[in-house]
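Reader: I have a structure to go through with you. Could we take the helices, the charged pairs and the surface in turn?

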Amino acid sequence: MISLTMLVLFSVLAAIGMPLAFALGWAGLAGVLLGGFPLEQLAGKMVYALDSFPLMAIPLFMLAGQLMVRGGIMERLIELADAVVGKVTGGLGLVTIGSAMGLSSVSGSSVADATALGATLGPELGKSYSKAFGAALVASASNLGPIIPPSIGMIVYAVVARDVSVGALFVSGIVPGILLGLGSMVLCAIIARRRGYPVSGEKFSTKRILRELRRSFIVFLMPVLVIGGIVGGVFTATEGAAIAVAYALVIGFFITKKLRWSDLGPCLLNAAIITAIVGALIAFSSQVTYLLTAEMVAPQVAEWLTTLTSDPLLFTFMVMVMLIFVGMVMEANAAYLMLVPIIAPVAAMYNIDPVYFGFLVVMNITIGGITPPVGILLIVTSGIWRIKVTEIIREITPFILLQYGLLFLFMLFPEIILFLPRLAGY
């Protein structure tokens, strides 16, 4: 009864436009009152939920990404991508995807990546292609942010699920992220050739590639240092995020020399805003999660599912299909906080590898960012290009189908996800 009441109230409040964090808060409050629990418990659960050392990695990785972008990283990434793939039909699109892959290795946020790519490559994309195709390209490429480590989505999942390490999830995203980037490039090249988009960039030159690799080496050293240190057990994800901030400051001030003291304020503010949004969602959802646990929702769901199937792969497929519809209407962090406490324990009952299952959930919910009607990246890019979301949807549909196709490919072949984590000792 309590769970049903919370679900109905949350759905109604979200449908009328209330911010999801507050909708979760009111749903939790209703559950507490209905169950006769003391109100003091509500505040206690909220504080306890935020008292988490791994969560400190979120503002630090966000800050590191902001500092790297303002410190001139985008220019170097774009020049490197242009040197490698620029002089072909639709080369600018391939440069956009290549830059997104590089940016994802230091950012961890799809929204931050979309904003940076839109600001730097947006005008040229709109000039060479249509605005709608340029926006669709940036939105789909930005989805690499939460898949290629570091990833804020993976941090949130690991904190909520409690049965998987952040480092293992980080490593699991490397191979699928590269495959997703390469697949997007192939699709972009096919579309560009069919539409006769212009050739852009300079003539291919090994000398130029080596020069740009040398200039970008210091940038790519950061994810190698940070992710390698986390995987090697030298430091935790949170400590690695702090090192990333220090590294970004050194690059911005002393290597590229494009970071200014005046940039620190906006960087800190943007990181604080994202952290506040995630923190509010986690705090307000804590009571809902506690009440769902108290009502034994996960075991009941597991019992119901076992009447449908005892096959782990079929269960995983059912969850993936369900998350596709969830991603259409729910923001990513809210989806993690509402659903992971239910589906992760059930997956464990099916003896499904937690790294494999966690990665699939993160990737599925991430794709929701470009899936209408509520895809946040569609809204961000429509604002940058000042066009209607419906125009972007027409152009982004092939990329959505590609990403879901690869998701189910990874589901069918777990070694694509698990090869590197097992090699790293997870």
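Reader: To begin, which residues of H7 are buried?

Author: This is a predicted model. In H7, the buried residues are Ser110, Asp113, Ala114, Ala116, Leu117, Gly118, Leu121, Gly122 and Leu125.

Reader: And how far apart are the end C-alpha atoms of that helix, H7?

Author: They are only 24 Å apart, although H7 covers residues 110-128, which is 19 residues. A straight helix, at 1.5 Å a residue, would reach 27 Å, so H7 falls short of that span.

Reader: Where does H7 bend?

Author: The bend is at Leu121 and amounts to about 60°. A proline, Pro123, follows within four residues. Leu121 is also one of the buried residues of H7.

Reader: Let us turn to H14. What span should its 34 residues have?

Author: Helix H14, residues 261-294, should span 50 Å at 1.5 Å a residue. Its end C-alpha atoms are 50 Å apart, which agrees with that expectation.

Reader: Where is the kink in H14 centred?

Author: It is centred on Ser285, with an angle of about 35°.

Reader: Which residue with a positive phi follows H14?

Author: That residue is Met296, and its phi is near 55°.

Reader: Now the charged side chains. How many salt bridges does the count come to?

Author: The count comes to five salt bridges. One of them joins Glu395 and Arg195, whose closest N and O atoms are 2.9 Å apart. Glu395 belongs to helix H20 (residues 389-412) and Arg195 to helix H11 (residues 174-195), so this pair ties together parts that lie 200 residues apart in sequence.

Reader: Is Glu395 buried or exposed?

Author: Glu395 is buried, because its relative accessible area of 15% is under the 20% cut-off.

Reader: With which side chains does Glu212 form salt bridges?

Author: Glu212 meets Arg211 at 3.9 Å, N to O, and Arg215 at 3.0 Å, N to O. Arg215 and Glu212 are three residues apart in helix H12 (residues 206-231), so about one helical turn separates them. Salt bridges that share partners join Arg211, Glu212 and Arg215 into one network.

Reader: How accessible are the residues in that network?

Author: Glu212 counts as buried, at 4% relative accessibility. Arg211 counts as partly exposed at 35%, and Arg215 is also partly exposed, at 34%.

Reader: Moving to the surface, which residues form the nonpolar patch with about 480 Å² of accessible area?

Author: The patch consists of Leu4, Leu7, Val8, Val12 and Ile16, and the area given is for these residues together. Leu7 lies in helix H1, residues 2-15. At 46% relative accessibility, Leu7 counts as partly exposed.

Reader: Finally, where in the chain is confidence lowest, and where highest?

Author: Confidence is lowest in helix H15 (residues 297-308), with a mean of 74, and highest in helix H18 (residues 354-367), at 96. The chain averages a pLDDT of 85, and 98% of the residues score at least 70. Where pLDDT is low, predicted coordinates should not be read in detail.

Key:
Residues are numbered from 1 along each chain as its sequence is written. This is a predicted model: local features need pLDDT of at least 70, side-chain atom pairs count only at pLDDT 80 or more; totals for chains, interfaces and linings use all residues. Side-chain values use heavy atoms; hydrogens and water are left out. Patches are made of residues with over 30% relative accessible area and no salt bridge: like charges are joined within 9 Å, nonpolar side chains (Val, Leu, Ile, Met, Phe, Trp, Tyr) within 5 Å. Accessible areas come from the Shrake-Rupley method with a 1.4 Å probe; for residues, only the protein chains shown count as cover. A salt bridge is a side-chain nitrogen of Lys or Arg within 4 Å of a carboxyl oxygen of Asp or Glu. Helices (H or I, at least four residues) and strands (E, at least two) are DSSP runs, numbered from the N terminus. Buried means under 20% relative accessible area, exposed over 50%, partly exposed in between (1.4 Å probe, protein chains only). The bend at a residue is the angle between axes fitted to the seven residues ending there and the seven starting there. pLDDT is the predictor's confidence in each residue, from 0 to 100.
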